[in-house]
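Welcome! Take a look at the sequence and the structure, then read on.

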Amino acid sequence: MKRINQAMQGVLSALLALLGFGSCDKIGADEYGSPYLEYQVKGQVTDKEGNPIEGIRVTVENETYGFSVNQDNMWKHSFADTVYTDADGRFASHEIEAGYIHGKIFFEDIDGPANGSFLPDFANLENLEQKQIEDKDGWYNGKFEVNVQQELEREEDKAGITARR
């Protein structure tokens, strides 16, 4: 009886192995992962008259949310990239890899009165112009450029409006 059970187990194991290998083909491949894309934020910061502002700190913040496998725990991944405007008021962030374009971009005058004192401001990335510059391939959804033209208000302009009221 023991020999029959062992023989039966051997035959079933061989059969299962053949069925397993027989179901594999080269037509498709299983991929595990999440769709992602790359993007870079570029733009220019000016005052209300259109003059470029040098030395503005530009911070791109991206937050990605997800759930654990059993759906009972939510996680959050935050990323921030900080760059500064040049003499022409232009800036370009580093390339950011994310599941989608989401987050905020903050503008802050950190040099005080050197280039004029400007009030901080922000913009939502998803509301800005997005241009696809590389096609998608598999899980990769492509590369995008997010363009920003931001006008900052001078502190003294805001103070003058408040004082006149």
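## Terms and ground rules

A residue is called buried when its relative accessible area is under 20%, exposed when it is over 50%, and partly exposed in between, using a 1.4 Å probe and protein chains only. This is a predicted model, in which local features need pLDDT of at least 70 and side-chain atom pairs count only at pLDDT 80 or more, while totals for chains, interfaces and linings use all residues. Residues are numbered from 1 along each chain as its sequence is written, and side-chain values use heavy atoms, with hydrogens and water left out.

## The overall layout

The protein chain contains two helices and nine strands, where helices (H or I, at least four residues) and strands (E, at least two) are DSSP runs numbered from the N terminus. Along the sequence, their order is α-β-β-β-β-β-β-β-β-β-α.

Of the 165 residues of the protein chain, 28% count as buried. The chain exposes about 11,500 Å², with carbon and sulfur atoms supplying 52% of that area; accessible areas come from the Shrake-Rupley method with a 1.4 Å probe, and for residues only the protein chains shown count as cover. Taking contact to mean heavy atoms within 4.5 Å, residues 24 or more positions apart make up 65% of the contacts in the protein chain with a separation of 6 or more.

How many of the twelve residues of β1 are buried? Ten of them are, so β1 is largely enclosed by the rest of the structure.

Two strands pair if DSSP finds at least two bridges between them. β1 pairs with β9 in the parallel sense, over eleven bridges; here Gln-40 stands opposite Glu-145, and Gln-44 has Gln-149 as its bridge partner. β1 also runs antiparallel to β5, joined by three bridges, with Glu-97 as the partner of Glu-38.

## The hairpin of β8 and β9

Strand β8 (residues 129-134) pairs with β9 in the antiparallel sense over five bridges, and Glu-129 stands opposite Asn-147. The two strands form a hairpin with five residues between them, and Gly-138 in the turn has a positive phi of about 65 degrees.

## The nonpolar core

A nonpolar core is a set of buried Ala, Val, Leu, Ile, Met, Phe, Trp, Tyr and Cys residues joined through side-chain atoms within 4.5 Å. The largest one has 22 residues, of which Tyr-39, Val-41, Phe-91, Ile-105, Phe-107 and Leu-125 touch the most other members. The elements giving two or more residues to this core are β1 (36-47), β2 (56-67), β5 (96-98), β6 (104-109) and β9 (140-152).

Leaving aside neighbours within four places in sequence, the contacts of Ile-105 include Val-41, Val-58, Phe-91, Leu-125 and Val-148.

## Aromatic pairs

The structure holds three aromatic pairs. Rings of Phe, Tyr and Trp (its six-membered ring) pair if their centres lie within 6.5 Å; planes under 30 degrees apart count as stacked, over 60 as edge-to-face and the rest as tilted.

Tyr-36 and Tyr-140 form a tilted pair, 5.3 Å centre to centre with 50 degrees between the planes. They link β1 and β9, sitting 104 residues apart. Tyr-36 is partly exposed at 30% relative accessibility, whereas Tyr-140 is buried at 10%. In another pair, Phe-91 and Phe-107 have ring centres 6.2 Å apart and planes at 70 degrees, so this pair is edge-to-face. Phe-91 lies in β4 and Phe-107 in β6, so the pair ties together parts 16 residues apart in sequence. Both Phe-91 and Phe-107 are buried.
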